[in-house]
Amino acid sequence: MLETDTIELTIVMPCLNEAETLATCIRKATGYLESSGVSGEIVIADNGSTDGSQEIARELGARVVDVPEKGYGAALLGGINAARGTYVIMGDADDSYDFSDLDAFLERLRAGDELVMGNRFRGGIEPGAMPPLHKYLGNPVLSAIGRIFFRSPIKDFHCGLRGFNRQSILDLKLQTTGMEFASEMVVKASLGGSRVSEVPTTLKKDGRSRPPHLRSWRDGWRHLRFLLIFSPRWLFLVPGTVAFLIGILGTFFLSLGPLVIGDIGFDISSQVYLAALSVVGYQAVLFAILTKIYAQHEGFRIPRSRNFDRLERRISLESAAIVGVIIFVLGLIVAIVQFSFWAGSGYGALDADATLRIAIPASLLMILGAQTIMAGMFLGVLSVVLKRR
């Protein structure tokens, strides 16, 4: 096909030493284009193969795009950028997906959907095609997290066979270069308001004799880590705020004396644990705020709010340091006053309960003040790095 020809569909396959199965995949994709009459091309995004995969692709009429940056996402981004079609259907070159039957994807794309995901659980998974760990834990859990946090309709977040409007995906400015690229595409499309849908697809055992590139725990964590970056509000901010309020209110309330509710009594030990809860909650709140600021500056499309925008404009190294010093000094003043009373009594024995009731909230204030100062310092460092970029 000439470069001047109008191309409707580009079939992109990431490739890293797939000589065993690449020819089969290209032949199936070529057969689909010929039988369907679709004007299309096949692009092999090669990630540095050393087994002759490039030569196999060229001999079968595919266009090879060399992508030097390593990684599944990097290879796909290279292939998508080089594609000439209005639509792109991507799929692994290990013969686990059927490139000879892509009508369902193209039908939805022509209808205006911007991202069409395959769903292997609806279409059928051949015995041995997916490890039990992935089938019953990894994919269901990560997909459920994606649906809950991002209100996405997709039930199979990690299906490797998917189609999309090329320009719509380029507009998302995808960043990741590893396996988490699969999650990033779905998350950003959902958050950006793109028309997203699913079609059933099948998964069969791949035709390779070597182990797959995927590493279950490593790549699973990379997917989860990416989802966490995009969901600081529900995962850290809300739970952290609740924990902080319960902890700090309980800590200061118990400084007035023990509390009995029904048959349950709360005293010094409860105050210690409540103080710890407030520290953990406060750290979660700081983490959520800093994560969201970082993610937005990095170009990740996270929903913004007016309240957060106002908060971000007011947060700086200086403002955080001032607030942190004030909180720390309040705790320090209480500690100094308590020390003065002890010195006035000749450094004698103290009532343990009475002393701890005051020492615990004073220590808590100093800890929270120090956390605030260090969070401000980290924000200052982060701002310098982002400006340099």
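Colleague: In this model, how many of the residues of strand E1 (residues 9-15) are buried?
Modeller: The model is a predicted one, and within it strand E1, which spans residues 9-15, is mostly covered. Leu 9, Ile 11, Met 13 and Cys 15 point one way from E1, while Thr 10, Val 12 and Pro 14 point the other way, and all are buried. The count of buried residues in E1 is therefore, with buried meaning under 20% relative accessible area, seven of seven.

Colleague: Which residue of E2 is the bridge partner of Leu 9?
Modeller: Strand E2 covers residues 40-46 and pairs with E1 in the parallel sense, over seven bridges. Between the two, the chain passes from E1 through helix H1 (residues 22-36) to E2, in a β-α-β crossover that is right-handed. Within E2, the residue that partners Leu 9 is Gly 40.

Colleague: Which residue in E4 stands opposite Val 12?
Modeller: E1 also pairs with strand E4, residues 87-90, in the parallel sense and over four bridges. Val 12 belongs to the group in E1 that includes Thr 10 and Pro 14, pointing the other way from Leu 9, Ile 11, Met 13 and Cys 15. The residue opposite Val 12 in E4 is Met 90.

Colleague: Which residue in E7 stands opposite Met 117?
Modeller: Strand E5, residues 115-119, is joined to E7 by five bridges, and these two strands run parallel. Opposite Met 117, the residue in E7 is Glu 198.

Colleague: Which residues of helix H3 are buried?
Modeller: Helix H3, which runs over residues 72-82, is mostly covered, with eight of its eleven residues buried. Named in order, the buried residues of H3 are Tyr 72, Gly 73, Ala 74, Ala 75, Leu 76, Gly 78, Gly 79 and Ile 80.

Colleague: What is the angle between the planes of Phe 339 and Trp 342?
Modeller: A search of the whole structure finds five aromatic pairs, and one of them joins Phe 339 to Trp 342, at 5.8 Å centre to centre. Both residues lie in helix H13 (residues 317-344), three residues apart, which is about one turn of the helix.

Colleague: Which residues form one aromatic cluster with Trp 342?
Modeller: Trp 342, which is partly exposed with a relative accessible area of 29%, forms an edge-to-face pair with Tyr 347, at 5.0 Å centre to centre and 90° between the planes. Phe 339 counts as partly exposed because its relative accessibility is 45%, and Tyr 347 is likewise partly exposed, with a relative accessible area of 48%. The residues that share one cluster with Trp 342 are Phe 339 and Tyr 347.

Colleague: Is Asp 95, whose phi is near 65°, buried or exposed?
Modeller: Most residues other than glycine have a negative phi, whereas the phi of Asp 95 is positive. Asp 95 lies in the loop between E4 and helix H4 (103-110). Its relative accessible area is 12%, so Asp 95 counts as buried.

Colleague: Where is Asn 17 found?
Modeller: Asn 17 is not a glycine, yet has a positive phi of about 60°. With a relative accessible area of 25%, Asn 17 is partly exposed. Its place in the chain is the loop between E1 and H1.

Colleague: What share of the accessible surface of the protein chain belongs to carbon and sulfur atoms?
Modeller: The protein chain has 14 helices and nine strands, and of its 389 residues 46% count as buried. Among contacts between residues at least 6 apart in sequence, 76% join residues at least 24 apart. The accessible surface of the chain comes to about 19,600 Å², and the share belonging to carbon and sulfur atoms is 62%.

Notes. Residues are numbered from 1 along each chain as its sequence is written. This is a predicted model: local features need pLDDT of at least 70, side-chain atom pairs count only at pLDDT 80 or more; totals for chains, interfaces and linings use all residues. Side-chain values use heavy atoms; hydrogens and water are left out. Buried means under 20% relative accessible area, exposed over 50%, partly exposed in between (1.4 Å probe, protein chains only). Two strands pair if DSSP finds at least two bridges between them. A crossover is right-handed if, with the strands pointing away from the viewer, the path from the first strand over the helix to the second runs clockwise. Rings of Phe, Tyr and Trp (its six-membered ring) pair if their centres lie within 6.5 Å; planes under 30 degrees apart count as stacked, over 60 as edge-to-face and the rest as tilted. Contact means heavy atoms within 4.5 Å. Accessible areas come from the Shrake-Rupley method with a 1.4 Å probe; for residues, only the protein chains shown count as cover.
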